[in-house]
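Dear colleague,

I am passing on the structure below, together with some notes on what I found in it. Please look through the sequence and the model first, and then read on.

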Amino acid sequence: MMDFSTNNQYDDSSKENVPPGPEAAGVQRSRRRPVLGLLSENEQRARSLGRATQFPKQSSASDRSHLKPRSGPSSSSFEVCVEESREVVLTASGQPLDSADPGGEFSTLENEEVRVLLDLISGSCPDASTLSDESLTSDDVLCVFEYAEDIHQHMRESEVSFRPRPGFLENHPEITGDMRATLVNWMVEVVREYKLRSETLHLSVNYVDRFLSQTTSVRRDKLQLVGTSALMIAAKYEEVDPPDLDEFVYTTDSTYSRRQLSRMEHFILNALRFRMAAPTIDQFLSLFMAIQSVCPLTQNLAMYLGELSLLDLDVTLRYPPSLLAAAAYSLASYTLSRLLWPEILRTFVGYSMADISPCITDLHQLYIRAEEHPHQAIREKYRSSRYSQVSSITPPSAPFTPNSASPAGTASAS
């Protein structure tokens, strides 16, 4: 679990519970798994009673390491606390969330049509290594091209209700924006290690932010539990073969138990009313690139810029995913070819350069500062050849202005 009072220190003290190792899951690990350190209150209590949960010791405790990272206004409906070694989510009236839905309102999946529409556009931008098998201009996209305008309109309407509330961290005194960035950085490492889709990361971050928007007083030693459960939900929703529950227990070095993860999954689903089909930056990029294709280098750079925005809560709250995707597309195209927002997308999306320019400026600043950012997981991910090493591309050094590019630039075609 995270310890925000110690910077980048390693601690192997919490090794009493040895989780199933990579051999048990049939996965070969080539490097030590990043784990956010610090025992949870539940595990400390269990140890004091001498009955900490034991897991099959199929991998050595020496294979684990603890990453010790550095160390708001919204109305809330739930409160997370610890009671008898389990998490309990309470409504504002003090009623447990388990019994807060007698009519079964939360049990019905909402917006299923969004799931169908997003399936039609292939969900997310593929990795560079799979472009030949999962092209952005795939047959699936082309077959429904005549519905692209309706799909886009539906996503634009939906993104409004799937955004987190401004200032939601004010209701969580123990959690700061840097702690959230630390969590996102760790989630990126987990997604990278398990080779999960970029869409899984974007969805899980959206779930974390929306859950924190609907809750109050989430403790900092439960923040990783929220993030891990959000990743588990997103993987189930998006992946063909998601990691199983034991693997997610393993990612936390058994700081949390199977039961705790399952219960937090239940709390998140209820808090979000089972509305999981959130439009994301990744989905909008996929649609934009299906309308106006780009080369793999531009595609990967746009994905990189989109993920960088996840680290900055102010940027996440200031702009909707569609605008961030448009800015990432434009900045990537400008960086590589000095071209900006193509006319075909200007007409299709409805965003003018005046609409996109403030977001491009903020994204450009994130791009410039990325090399010195305290959290480097995204840069490391996109430094690999799988993503054409786009994080090594030098950003435009001069302050970005729309007038510095072709006024009606067209993105380079692949």
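Before the ring pairs are counted, a rule is needed: the rings of Phe, Tyr and Trp (for Trp, its six-membered ring) are taken as a pair if their centres lie within 6.5 Å, and a pair counts as edge-to-face if the planes are over 60 degrees apart. By this rule the protein has six aromatic pairs. Please keep in mind throughout that this is a predicted model, and that the values below are computed from it.

One of the pairs is made by Tyr304 and Tyr367, whose ring centres are 6.1 Å apart and whose planes stand at 80 degrees, so the pair is edge-to-face. Tyr304 belongs to helix H12 and Tyr367 to helix H16 (residues 353-369), so this pair ties together parts that are 63 residues apart in sequence. Tyr304 counts as buried because its relative accessibility is 0%, and Tyr367 is likewise buried, with a relative accessible area of 3%.

Another edge-to-face pair is formed by Tyr329 and Trp341, with 5.8 Å from centre to centre and 85 degrees between the planes. Tyr329 lies in helix H14, while Trp341 lies in the loop between H14 and helix H15 (343-349), so that the pair links distant parts of the chain that are 12 residues apart. Both Tyr329 and Trp341 are buried. Ring pairs also join Phe284, Phe288, Tyr329 and Trp341 into a cluster.

Leu331, which is placed in helix H14, is buried with a relative accessible area of 0%, and its C-alpha atom is separated by 8.7 Å from that of Trp341, 10 residues apart along the chain. Arg156, for its part, is placed in helix H5 (residues 148-161) and counts as partly exposed at 23% relative accessibility. The C-alpha atoms of Arg156 and Phe284 are 9.3 Å apart, although these residues are 128 residues apart along the chain.

Aromatic rings also meet charged side chains. The charged end of Arg275 sits over the ring of Phe162, at 4.2 Å from the ring centre, and Arg338 lies over the face of Tyr334, at 4.8 Å from the centre of that ring.

For the overall picture, the protein has 17 helices and three strands. Of its 414 residues, 57% count as buried, and the accessible surface comes to about 16600 Å², of which 49% belongs to carbon and sulfur atoms.

Which residues lie nearest the centre of the largest cavity? They are Asn206, Ile281, Leu310, Thr316 and Pro321, from a lining of 18 residues. The elements that each give two or more residues to this lining are helix H7 (198-213), helix H12 (296-311) and helix H14 (321-337), and H7 gives the most, with four residues. Sorted by class, the lining has 10 nonpolar, five polar and three charged residues. The volume of the largest cavity is about 210 Å³.

Asp253 has a phi near 55 degrees, which is a positive value in a residue other than glycine. Asp253 lies in the loop between helix H9 (245-251) and helix H10 (258-271), and it counts as buried at 2% relative accessibility. Gln389 also has a positive phi, near 55 degrees, and is again a residue other than glycine. Gln389 is found in the segment after helix H17 (377-381), and is partly exposed, with a relative accessible area of 45%.

Gln260 is buried, with a relative accessible area of 7%, and its C-alpha atom is separated by 9.4 Å from that of Val249, 11 residues apart along the chain.

With best wishes

Terms used: Residues are numbered from 1 along each chain as its sequence is written. This is a predicted model: local features need pLDDT of at least 70, side-chain atom pairs count only at pLDDT 80 or more; totals for chains, interfaces and linings use all residues. Side-chain values use heavy atoms; hydrogens and water are left out. Buried means under 20% relative accessible area, exposed over 50%, partly exposed in between (1.4 Å probe, protein chains only). Accessible areas come from the Shrake-Rupley method with a 1.4 Å probe; for residues, only the protein chains shown count as cover. On a 1 Å grid over the protein atoms alone, a cavity is a set of points where a 1.4 Å probe fits but cannot get out, and a pocket is an open set with protein on both sides within 12 Å along at least five of seven lines; lining residues have an atom within 4 Å of a point. Grid points are joined across faces, edges and corners, and a volume is the space filled by probe spheres set on the points. Ala, Val, Leu, Ile, Met, Phe, Trp, Tyr, Cys and Pro count as nonpolar, Asp, Glu, Lys and Arg as charged, and the others, Gly among them, as polar. Rings of Phe, Tyr and Trp (its six-membered ring) pair if their centres lie within 6.5 Å; planes under 30 degrees apart count as stacked, over 60 as edge-to-face and the rest as tilted. A charge sits over a ring if NZ of Lys or CZ of Arg is within 6 Å of the ring centre and within 35 degrees of the ring normal.
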